[in-house]
Amino acid sequence: MGKASNHIILCTVCCLVYLVISSCSTTRSVPEGDRLYTGSEVKWLNDTVTHKKPKDYSSLVENLEKRIRPNRNRKFLGMPIKLWLYNLGKEPKGKGLNYLFRKKWGEPPVLLSTAKPDYTSKVLEEYLVDNGYFQADVTSAVKFSGKKKASITYTATPNHRYTIKSVTFITDTSAIGKTVANTKEESSLIVGRPYSLDSIKAERERIHAALKEQGYYYFTPDYLLVQVDSTNSGTVDLYVKIKDNTPQLALRPYRMHDITLFPDYSLDNDSTSTLGTPVKYRGIYIVDSVKRFKTSTFNRSVFLRPDSLYRLSSHNITLQRLINLGVFKFVKGQFTPVRDTSIHNITGGNPNAVPGRRDNSSRNFIRRDSLHLRDSSMATNYRAMVNNRVSLDSGWLDAKFYLTPYKRRSLQTELRGTSKSNGFIGSQIQITAKNRNWLHSASLLEIGLRGGMEWQTGNKSSGASNSYGLGAEVAVTFPRFITPIKGFNIRTPYVPKTRISASYELYSRADLYNLNAYTLQLQYLWQKSQYLSHIFAPIAITYVLPTKTTAAYDSILANDPSQRSAIEKQFILGGNYTITYNNQRPNQVHNFYLSGNIDISGNLAGLVIPRNDTGQKTILGNSFAQYERFTLEGRHYWHIGKGKQWVNRLLIGYGLPYGNSSTLPFVKQFFTGGSSSIRAFRARTLGPGSYHNKAVDTTALLANEAGDIKLEFNSELRVHVASVFNVAAFIDAGNIWLQKDVPDKPGSKFTFNTFYREIAVGGGVGLRIDASIVVVRLDLAMPLRIPYLPENERWVINKINFGDPEWRKKNLILNIAIGYPF
């Protein structure tokens, strides 16, 4: 009776709250004679010639909507809560509840009088003209709703869209004219495509970048002119040329004179850091009065060289390399024309100084280029140069880079919390000490300590065993490739790195076992481009040593002998290689992520080490693993509309044990289930194949099912609801298998003619709270196909029964995690 009363009271309160909120008038604070602006819509009338929508129709309409002002009052879950809160208050006379409603929590009504339909129509027309609709017409109509609400409808009549008929480059025989003409083949203005102002801007930027590669330091896109002839019927002729009034300074290619680095620069001590004794190292001057860095540190980071032609790519690579060293928080370059190449103006200077003014901090006078002044006094434009009235001498530039370093040492503490679908929760703390400039060579020294605990609450299906872990790692990252080939330096904006690390980890499962892991690794990290990266580890050695196994664990082995591989003592000797392509960018319709990994162990050792009496090959009496392991993962992110994204992911894993190994080492095997895999099954409880040990549903067995082969597919639709809230609907499918028959696990072997029958399928919905810095994810999933059931009973969609508590307990899996699953 008490519970029933509580339910009645709760329902009554909810109804009253709803009535109060719904009774709040959204027009209460709208002044007389005005109306609440409730938004707008864009109607598109098809082309009058083709009567079809353009291919980029969605993008055009979306950009039209973005240009409409003002925006209506914000809504949360379809309700203007901020406007309601504003209407609950009155004009405040001081601090208090009215002040909170009106100034802090609420939002004033957006009024129709603030909208300017005629002006907005012109803005929309201009956008359509910029995209080839030269006869576009946009009209507006105000639609009244009730007594105090109104919306606006904008009707776009684009008419015919003009396309490009021809592109002509108007150039001459001058050096810069030839350079521009030689870039024609790479033009972004394509005959037959729709006219677009954005494509014209892109063409100017493209030519500008090409000229910058040939030494034209002072040339800018504004010196290029694209003339449009639209007198043809429905098409345009484009003419690309250099403006006649282009300054002479922009028409001269420049070469590099002196290049100077100030690696200890700061605004607080700029006079000290720029007046030290310069040291010349391989043609570059370094002014480092406190000897913070070795001179060789910058050899592989500066791609601008004395006596070479100025190139924009070398300029950009130099800036990015200096930043990517990881020791500088600010990098600023300053280029000045040289008046007299026999004089070396190395020390002094201020990156913020204005040319022609005295820099008091360094007591240096920065003069403008005398050649520039001479040319300015003569005919200083492109036409004068074409008429040969001005000679084009080559100019020279001095480059100075002012580098502001980070603090050399830092201490970082990180605290994490975890929650798993198998009922475990835990926490971990990690402390990392960093030296960003170890040995004065911009090398990063990291010393890390970590510790964590994990314990089980509620569901005991995965073994009632709490655990803790301790770990330590020492790693050094060098800002170069350490190879036998001297001077090897890849031309890329990203710093090639060599990382050497040694670590120890203790994993203790209470009342079961302790597991010790010692790891030594050499890695080469190479970011080839913005989207493509490589990690190559030619040396990766791991030694696994179990200790303190208990009688309780022996009883688990009696039920599942394969669990012994989880703590098997062995060496893993080998290397691995990972390549990753990731072009994810905001506001891009299609994004792709591709990653491949090759992991090989024991092949070289297996060639030189003979077998012992038991048929095993050992090192110091310990067996070492022999296997080949391949992983391929692909993801496709498709933005299908505003706030909507459809993500598909495919993962294929294949492992081939041989020689000493009958299966992959436990730490290299594939697992499935859990918050970032097939979410309808608890972590490590699914598979391999159609095998299922019922003991996994009790405390008699640890949930550690693993396989040599993995196939997984995920599809997820993500929708932005409001503020930081997103919802998702997803389908997961896949399983794991073993390479060889295991008598204790019937149905676990992979075979081509049966594997598709052993695919597990799950689905569900999720809520994501995306606060930018962290994403809290809750996914509720249920199985749709269970591979270990009899073949004709594996689809369980017809057995879904949300009203049955027993069904919910067995089938509804709540995954709580940080971050997106993929």
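Where is the place of R72? In this predicted model, local features need pLDDT of at least 70 and side-chain atom pairs count only at pLDDT 80 or more, while totals for chains, interfaces and linings use all residues. Residues are numbered from 1 along each chain as its sequence is written, and side-chain values use heavy atoms, with hydrogens and water left out.

R72 sits in the loop between α2 (57-66) and α3 (81-88). Helices (H or I, at least four residues) and strands (E, at least two) are DSSP runs, numbered from the N terminus. R72 counts as partly exposed, because its relative accessibility is 44%. Buried means under 20% relative accessible area, exposed over 50%, and partly exposed in between (1.4 Å probe, protein chains only).

H315 belongs to helix α9 (residues 312-324). H315 counts as buried because its relative accessibility is 12%. Leaving aside residues up to four places away in sequence, H315 touches L304, Y310 and F335; contact means heavy atoms within 4.5 Å.

The protein has 14 helices and 31 strands. Of its 822 residues, 45% count as buried. Among contacts between residues at least 6 apart in sequence, 66% join residues at least 24 apart. The protein exposes about 42,800 Å², of which carbon and sulfur atoms supply 57%; accessible areas come from the Shrake-Rupley method with a 1.4 Å probe.
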